[in-house]
Amino acid sequence: MSVTKVGVVSLGCSKNLVDTEVMLGHLDGAGFAFVANAEEADVLVVNTCGFIESAREESIRAILDAAALKKDGRLKRLVVAGCMVQRYRAELQAELAGEVDAFVGLDELDRIVGAAGAVASDLPIRRTPKAGPDPSRYLYSSRTPRRLATSPWTAFVKIAEGCDHTCSFCAIPAFRGAFRSRGVEDIAAEVERLARGGVREVNLIAQDSSHYGRDRDDREGLPGLLRRLDGIEGLRWIRVHYLYPNTVTDRLVEAMAELPRVVPYVDMPLQHAHPDTLRRMRRGGSAATHLALIDRFRRAMPDAAMRTTLIVGFPGETEGEFEALRSFVEEARFDHLGVFTYSHEESTGAFASVDDVPAEIKALRRDVLMETQQRIAFLRNETRVGAEVDVLVEGAHDDTDDLLVGRMPTQAPDVDGLVLINDGFVTDEGAGDPRLLPHARPGALARVLLTETAGYDLVGRIVGAA
Ligand code: SF4
């Protein structure tokens, strides 16, 4: 019997990517082969994002593209998984019964083999679980099979699942369930295995990473986890994503500043800066409290990059509230900023309010913030020219072999800029047989002198191994 080929389309955030990797691990263990091109697959898994309307539209487009392949006879089986299934299972089953063969929710990732395997084995597929999915239970562990979909030197590690906050714009707690942390030793076992397999950078993720451990009465919390991971052999960079301002402690700031492998990178989604908007968002705080927190980090880690995400057009956001947000962006001087326009979502606290900021005003406010930020980000990049930094080499530039690309500690995968390396990476340059130096190979760490900026990117030359 020929091996069944599986393709995967993974949409949404890094948390969804880890779920994709767990499904790939289960499929790998069951002997499926993988193909990068959806058109070559026998079975296609679309792992959806159900966070906001634009993400759902993208997910539906991906499902319909896959359904077209099935109609052509090229694809034999279509499986839809992920957040959108967890959130809208009944609606999806009603609308897509003709196109989709199986739905897999967030808490039933281990069903993926049965869902995909019917091509090879004609297993009966349970289309609806007998009991409804319970998103408050599932949490993967170091024993869960997992196959990385990232570059082999970088991995995302989910340290907790779910969220106990009640931010009024967010539906995540309704479908990802209550906050639950993995144990320190379980995470360490996974990171040790990843490091043995060649991973040099781990990106720790959760809905609220700074809350880590509190649900388990783990008094050491995230600082304790970072101290444990910092000693793992072979690992070079530990990056922490998604801190929540109210759960950041002095001990955490100290640990991040002190531990050599924890990179100087502060990723703290703040959402807004006007106290009235933040109150309506059920988050609290103000520009003043945000700036004080940013200052705490900058005093402890002067070279740290600051990243945040903001929402514009939240119900009731006045011109004055938006102007306060714009001034905050000027003052905070973030290195990296993402701006979302508010999406009116059912199962959220804000859904009872009127979505009263017109779409064109939302878009305008987003553009104003992004233009403000562009100027700041370019200036922040200028201040790094002349510095020597460690760079994790990612490989040749997509457009030319004359450039390598990599990332320094202040640049996270996928969301931030890059370092473009234009010199110092080959032996025998010009002698007809140039070869990449060992420290310039993909996955290696090089020491790079930054020589100029290129918008959101920086340019530099390799001066040695890191
Ligand atoms: S936005 Fe708020 S409620 Fe939603 S996941 Fe983040 S912290 Fe939790």
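Contact means heavy atoms within 4.5 Å. With that rule, look at Met 268. Leaving aside its neighbours within four places in sequence, Met 268 is in contact with Leu 243, Pro 245, Val 248, Leu 293, Ile 294, Phe 297, Met 306, Arg 307 and Thr 308.

A word on the model and its numbering. This is a predicted model, in which local features need pLDDT of at least 70 and side-chain atom pairs count only at pLDDT 80 or more, while totals for chains, interfaces and linings use all residues. Residues are numbered from 1 along each chain as its sequence is written, and side-chain values use heavy atoms, with hydrogens and water left out.

Met 268 also belongs to a core. A nonpolar core is a set of buried Ala, Val, Leu, Ile, Met, Phe, Trp, Tyr and Cys residues joined through side-chain atoms within 4.5 Å. Buried means under 20% relative accessible area, exposed means over 50%, and partly exposed lies in between (1.4 Å probe, protein chains only). The largest nonpolar core has 74 residues. Within it, Leu 226, Leu 243, Met 268 and Phe 297 touch the most other members. Another core lies apart from it, with 20 residues, among them Val 35, Ala 66, Met 84 and Val 100.

Now for the strands. Helices (H or I, at least four residues) and strands (E, at least two) are DSSP runs, numbered from the N terminus. Two strands pair if DSSP finds at least two bridges between them. Strands of a sheet pair through backbone hydrogen bonds, either parallel or antiparallel.

Start with strand S3, residues 43–48. How many of its 6 residues are buried? The count is 6 of the 6, so S3 is largely enclosed by the rest of the structure. In a regular strand the side chains alternate between the two faces of the sheet. Here Val 43, Val 45 and Asn 47 point one way, while Leu 44, Val 46 and Thr 48 point the other way. S3 has parallel partners. Strand S1 (residues 5–10) is joined to S3 by 5 bridges, and the two run parallel. Ser 10 has Asn 47 in S3 as its bridge partner. Strand S4 (residues 77–82) also runs parallel to S3, with 6 bridges between them. There, Val 46 is partnered by Val 80 in S4.

Next comes an open sheet of 3 strands, in the order S11-S12-S13, with parallel pairing. S11 and S13 stand at the edges, each with a single partner strand, so one side of each is left without a neighbour in the sheet. Neighbouring strands here are turned by 15° against each other on average, direction ignored. S12 and S13 are joined by 6 bridges. One of the links pairs Leu 310 with Val 339 in S13. Two helices lie across S12 and S13. H11 runs at about 170° to S12, and H12 runs at about 175° to S13. For such angles, axes are lines fitted to C-alpha atoms, for helices over the stretch in contact, and angles run from 0 to 180 degrees between N-to-C directions.

Aromatic rings come next. Rings of Phe, Tyr and Trp (its six-membered ring) pair if their centres lie within 6.5 Å; planes under 30 degrees apart count as stacked, over 60 as edge-to-face and the rest as tilted. The count comes to 3 aromatic pairs. Phe 314 and Tyr 342 form an edge-to-face pair, 5.3 Å centre to centre with 75° between the planes. Phe 314 lies in the loop between S12 and H11, and Tyr 342 in the loop between S13 and H12, so the pair ties together parts that are 28 residues apart in sequence. Phe 314 is buried, at 2% relative accessible area. Tyr 342 is buried too, at 5%. Phe 328 and Phe 334 form another edge-to-face pair, 5.7 Å centre to centre with 65° between the planes. Both of these residues, Phe 328 and Phe 334, are buried.

Finally, the barrel. A closed barrel of 5 strands runs S14-S15-S16-S20-S19, with mixed pairing. Its neighbouring strands are turned by 55° against each other on average, direction ignored. Within it, 3 bridges join S15 (residues 404–407) to S16 (residues 419–423), which run antiparallel. Gly 406 stands opposite Val 419 in S16.
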